[in-house]
Amino acid sequence: MSETQVTNRFSIFHHGLAKGPAYEAWREGICRGFCRLDVGPTDDNRIDCHNEFTLLHTVAIATPRGGSARFARTRALLHDGCDDLVLIFATRGTVQVTQAGKAIELQRGQMCLTEMNIVGTADLTRSGSFTTTRFPRRLLLQIAPSAETQLARVLGREPALGAMIERYSALCTELAGDLDLPGQQAAAHHLADLVGLVLGSSAESKELAARDGVAKARLDLMKADVLKNLDNGKLTIEAVARANALSTRQAQRLFASAGTTFSEFVLDQRLLLARRLLLHEEGAGRKVSDIAYTAGFNDLSYFHRSFRRKFGVAPAEMQMELGRKHLNTCCRGARSAHQLHPNEGTAHASVDLRTMRRAIS
């Protein structure tokens, strides 16, 4: 069923009906557990998919090949709290993608940016294939603070940039096993830089830049400074404005032009960071107060009130619920894997899968 040779490369496939122990192990233990996606067929209730994964530090590249697999971020899976951003790149034919019910059709060489905290699908078919690159939201926003304005739309109107991303992704997939950790981190940031160029180069972005390019650039720089200093509980608009050669009033006006305030932006980003820390596997053993302070909150009562208001649940409850679901998923994946024939190599794959899951979660 699978084969693994290095910890940052992983290959797995399923060819056959979308039922039975082999399918359930592939779907539950690998696709849901590792990819955080559900997977079903797109044609005749059969799966035809060989998926290769590459980890570059905190960035994951997936290359599915075959003729039938629908990768879905379902409503039930949203409870894991993952809010990563995913670039889907059409490598052949026509690829159908959905985000929150919105259909996006990609032609060869086109891309779209999706998010893991929204229900969506991507279809691998006989007439269209794609690759995905999954970035931590914070990493991509540091490079392209306006990335969220480019979500769920067709990108790739500059073929040269698209070709660079496609070729560099392929190179990363080919050489990842030979890179040490600093090399992986450098490659991940190079890839994110290329994607950042695409997210800042659409026709709409250029039109906005022509109208108020200086102001927008300054706001983006201030947002990037905030994202880099979320753990600083004493972060103020005065300090951020001063670092960008602006007056406090100028900084306030720039945030207002984007429909928010400095305080609202900082609070929202800190709450998202706290949620990621709570839902991270290593966060299960951390105190909620420690996570709150790490995210830059100095007032625990304020943190609890704000967290419940945004996510509808207390921080400790979210942490405990994830722990139960993670345990249940691991148990189901282990039971399914034990049902497979030894010649399918599951025992060897399961050890490496745990390492891979820890690295990408």
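Y302 is partly exposed in this predicted model, with a relative accessible area of 34%, where partly exposed covers the range between buried, which is under 20% relative accessible area, and exposed, which is over 50% (1.4 Å probe, protein chains only). Rings of Phe, Tyr and Trp (its six-membered ring) count as a pair if their centres lie within 6.5 Å, and the pair is called stacked if the planes are under 30 degrees apart, edge-to-face if they are over 60, and tilted for the rest. The count of aromatic pairs by this rule comes to 8.

The rings of F303 and F307 also make a tilted pair, because their centres are 5.7 Å apart and their planes stand at 55 degrees. Both residues lie in helix α10 (residues 300-311), 4 residues apart, which is about one turn of the helix; helices (H or I, at least four residues) and strands (E, at least two) are DSSP runs, numbered from the N terminus. F303 and F307 are both buried, and ring pairs link F297, Y302, F303, F307 and F311 into a cluster.

A salt bridge here is a side-chain nitrogen of Lys or Arg within 4 Å of a carboxyl oxygen of Asp or Glu. Side chains of opposite charge can pair when their charged atoms come close. Because K310 lies in helix α10 and D268 in helix α8 (residues 262-279), the pair ties together parts that are 42 residues apart in sequence. K310 is partly exposed at 38% relative accessibility, and D268 is partly exposed too, with a relative accessible area of 27%.

R134 and D84 form one in which the closest N and O atoms are 2.8 Å apart. R134 lies in strand β10 (residues 128-135) and D84 in the loop between β5 (59-73) and β6 (85-99), so this pair ties together parts that are 50 residues apart in sequence. R134 and D84 are both buried. E24, by contrast, is partly exposed, with a relative accessible area of 29%, and forms a salt bridge with R27, the closest N and O atoms being 3.6 Å apart. These two residues are 3 places apart in helix α1 (residues 21-35), about one helical turn. The model has 14 salt bridges, and D83, E115, R137, E148 and R276 are linked in a network of them.

How far can the model be read? The mean pLDDT, the predictor's confidence in each residue from 0 to 100, is 81 for the protein, and 80% of its residues reach 70 or more. Over residues 1-6, however, pLDDT stays under 50, as it also does over residues 336-360. Where pLDDT is low, the predicted coordinates should not be read in detail. In this predicted model, local features need pLDDT of at least 70 and side-chain atom pairs count only at pLDDT 80 or more, while totals for chains, interfaces and linings use all residues. Residues are numbered from 1 along each chain as its sequence is written, and side-chain values use heavy atoms, with hydrogens and water left out.

Terms used
Contact means heavy atoms within 4.5 Å.
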